[in-house]
Amino acid sequence: MTPRGDVLVRRGHFPVPRPFVPGFEAAGRVVGVGPGADESLLGRSVTALTGGGAFAEVVTASAALTFDAEGLDPRTAAGFGWATPTAYDLIHTVTRVRPGERVLIHAAAGAVGTMAAQFARAAGAGRIVGVVGDTERAAYAARFGYDRLITRAEFADIADGRAEQEEFDVVLDPVGGPTRLAGLRQLAPHGRLAMYGTLGGPAPAALDSDELLMSGRSALSYNSDLLSRTHPERLADSARHALRAVAEGTVRPDVTVEYELADLDEALGRLAEGRTLGKSILRIAPHLR
């Protein structure tokens, strides 16, 4: 599988020990368990969040972040990854979307964006608007419950005052920089902006804490990788709730492309260039179909 973390490692943004096997999420069958691990998982289908090493036929995963996926379609289990619990947390534990609230989601056609829209709809959001790169991505994202989709160019017109601005109770922002400041300006009183990435590159945005206080607005951050290391039980709880929603059909990760190991460079290249819709997966062991 090819989450964005692999792109960041490839670019040298994260220091990693050498030798290092990339890959931060995996799905397959359990072939062995360590001391204290649940032996009933042996032979069962699971999905796991890892700190690396997933681009291999045999992967070592933390018992705390390995989840029973027996009965789930293998492609769906492979597409679950970090994106699904991240989207769950953004909606349910970070911004706590309430029924009737208005939600704005940037990178709306990506793996987290498409899942967040579904979780927001299930939480009772009254209006969900997504921001995408172009009209092709808007057409794709429209399948996931958005009420309106706008391109980044249209959003820039809104942010610059050239088009009418809409207020939101919740903004999900993985972009940063000027987009983050624009999102804060679009928050209704008591609105919450969740920061969970810097897709636009390093671009510090100065926040006026006094202005936030007077308007009741909040800027919140979410880092699933850090959470997995500091409080893995919290991430695991969210992942189990998210997995249950997937199993029940409330939400679904959309796998749009499947790569073979020989195509890994192409897969990461497409992801880095923003040409991936929904979720892409990498098949390591074709004989395990």
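Predicted model: local features only at pLDDT ≥ 70, side-chain atom pairs only at ≥ 80, totals over all residues.

Colleague: Where is Ala 107 placed, and is Ala 107 buried, partly exposed or exposed?

Modeller: Ala 107 is in the loop between β4 and α4. Its relative accessibility is 29%, and Ala 107 therefore counts as partly exposed.

Colleague: Let us turn to the chain as a whole. How does one judge its overall dimensions?

Modeller: One sets the radius of gyration beside the value for a compact globule. For 289 residues such a globule would have a radius near 19 Å, and the chain agrees, with 19 Å. The C-alpha trace spans about 55 × 35 × 35 Å along its principal axes. The secondary structure comes to 11 helices and 11 strands.

Colleague: What share of the residues is buried, and what share of the contacts joins residues at least 24 apart?

Modeller: Buried residues account for 48% of the 289 in the chain. Of the contacts between residues at least 6 apart in sequence, 64% join residues at least 24 apart. The chain exposes about 14,100 Å², and carbon and sulfur atoms supply 52% of that area.

Colleague: Which residues have the most contacts inside the largest nonpolar core?

Modeller: A nonpolar core is read as a set of buried nonpolar residues joined through their side chains. The largest has 52 residues here, and those with the most contacts inside it are Ile 91, Ile 105, Phe 119, Tyr 146 and Leu 172. Several elements each supply at least two residues of this core, including α2 (74-80), α3 (83-94), β4 (102-106), α4 (111-122) and α10 (232-248). Apart from this core lies another, of 14 residues, among them Val 131, Val 171, Leu 193 and Leu 212.

Colleague: What is Ile 91 in contact with, beyond its neighbours within four places in sequence?

Modeller: The contacts of Ile 91 are Arg 96, Val 97, Ala 116, Phe 119, Ala 120, Ala 123 and Leu 172.

Colleague: Charged residues come next. How many salt bridges are there?

Modeller: The distance rule is a side-chain nitrogen of Lys or Arg within 4 Å of a carboxyl oxygen of Asp or Glu. The count comes to 18 salt bridges. In one of them, the side chains of Lys 279 and Glu 25 meet at 2.5 Å, N to O. This pair links distant parts of the chain, with Lys 279 in strand β11 (residues 279-283) and Glu 25 in strand β1 (residues 25-29), 254 residues apart.

Colleague: Are Lys 279 and Glu 25 buried or exposed?

Modeller: Lys 279 is buried, with a relative accessible area of 6%, and Glu 25 counts as buried at 0% relative accessibility.

Colleague: Which residues are linked in a network of salt bridges?

Modeller: Arg 75, Glu 258 and Arg 283 are linked in such a network. The closest N and O atoms of Arg 283 and Glu 258 are 2.7 Å apart. Arg 283 is in strand β11 and Glu 258 in strand β10 (residues 255-260), 25 residues apart.

Colleague: What, finally, of Arg 137?

Modeller: Arg 137 is found in helix α5. Arg 137 is buried yet has no salt bridge, and the nearest side chain of opposite charge, Asp 134, is 5.2 Å away. Not counting residues up to four places away in sequence, Arg 137 touches Ala 109, Val 132, Gly 274, Arg 275, Thr 276 and Leu 277.

Notes:
Residues numbered from 1 in each chain as written. Heavy atoms only, no water. Core = buried A, V, L, I, M, F, W, Y, C linked by side-chain atoms within 4.5 Å. Buried < 20%, exposed > 50% of the residue type's maximum accessible area, 1.4 Å probe, protein only. Helix = DSSP H or I, 4+ residues; strand = E, 2+ residues; numbered from the N terminus. Contact = heavy atoms within 4.5 Å. Lys, Arg positive; Asp, Glu negative; His and termini not counted. Rg over C-alpha atoms; globule rule 2.2 N^0.38 Å. Areas by Shrake-Rupley, 256 points an atom, 1.4 Å probe, with all protein chains shown as cover.
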